[in-house]
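Open the model in your viewer and keep the selection tool ready. Each stop below says what to select and what is there.

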Amino acid sequence: MSLARVVLCTIQALCNGAACTPPNPTPPNQRYHKEQLYILQIAPFIFKMHQIITWGCAVFEVLYYLRSVLPFNSPAPAITNLVCLPQNHNVHVTPFFVIGVIAVVLGAYIRLDCFKTLGQLFTFDLTVHPEHRLVTNRFYAYVRHPAYTGSMLLVMGLAFSHLTQGSWMTECGPLRIGSPFSAVVVWAIWWLWTFCVGISRADAEDKQMKKLFKDEWEAYAANVHWWFFPGLV
């Protein structure tokens with residue numbers, strides 16, 4: 001395993017952590033879209049789990065690297081076996097890993113830009129602020145819900161980095177047992193859930209903004225057709 005993978009894993013974890021941290025608290029009396037399925041309401045909890053899993057993978061990848069460059073006899077072999085012995089496994093930089101890091105950095109950049117553009121209006125739960133306004137600049141000039149675009153890129157990037165061959169998770173971690181398709185199944189469920197949350201929330205937000213801003217919203221929606229990816233969705 002190279003130092004490059006350790007550095008990139010750390011950068012990825014930092015970017016994911018920033019993108020998954022709420023920029024503002026949710027005012028409980030200003031929430032809407034509370035009727036959606038409970039499994040779609042737990043996005044803030046899932047974002048917290050993203051951080052825990054990503055940092056966990058980064059920590060184990062760092063320990064694996066240190067184990068490879070600083071060999072020593074462990075006083076607690078059971079704990080050491082969680083990290084894995086470098087001579088028995090092949091954690092390394094792969095094209096999928098690099099693509100995953102790029103996707104996470106890009107997704108984090110998009111979400112952080114949305115945080116900045118919306119300012120106090122951005123909350124992880126759907127809310128209407130007393131000074132709410134229709135934002136149509138920056139990434140909102142290209143798609144109507146770019147923060148969800150960023151979320152999907154985060155999930156895609158983390159899957160490419162940690163659920164593919166060459167990662168600690170698949171070489172040493174819980175996904176080393178079972179068929180190679182187990183990681184694909186995990187990623188498919190994870191990404192499908194993220195996409196469903198985006199669809200549900202985007203539809204609710206569109207309806208709420210149309211109710212609040214009427215003609216202004218109609219003009220914006222006529223100019224910006226896409227929810228997440230121009231030309232696709």
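Select L66, in helix α3 (residues 43-69). Helices here are DSSP runs of H or I, at least four residues, and strands are runs of E, at least two, numbered from the N terminus. L66 is partly exposed, at 37% relative accessible area. Buried means under 20%, exposed over 50%, partly exposed in between (1.4 Å probe, protein chains only).

This is a predicted model: local features need pLDDT of at least 70, side-chain atom pairs count only at pLDDT 80 or more, and totals for chains, interfaces and linings use all residues. Residues are numbered from 1 along each chain as its sequence is written, and side-chain values use heavy atoms, without hydrogens and water.

Zoom out. The protein has eight helices and zero strands. Of its 233 residues, 46% are buried.

Residues 147-164 are 89% helix and 0% strand, with end C-alpha atoms 25 Å apart. Residues 184-204 are 100% helix and 0% strand, and there the end C-alpha atoms are 30 Å apart.

Now show Y148, W191, F195, W227 and F228. Ring pairs join them into a cluster. Rings of Phe, Tyr and Trp (its six-membered ring) pair if their centres lie within 6.5 Å. By this rule there are 11 aromatic pairs.

Last stop: R5 and F97. R5 lies over the face of F97, 4.0 Å from the ring centre. For Arg, that requires CZ within 6 Å of the ring centre and within 35 degrees of the ring normal.

Definitions and conventions: Phe/Tyr/Trp six-rings, centres within 6.5 Å; stacked < 30°, edge-to-face > 60°.
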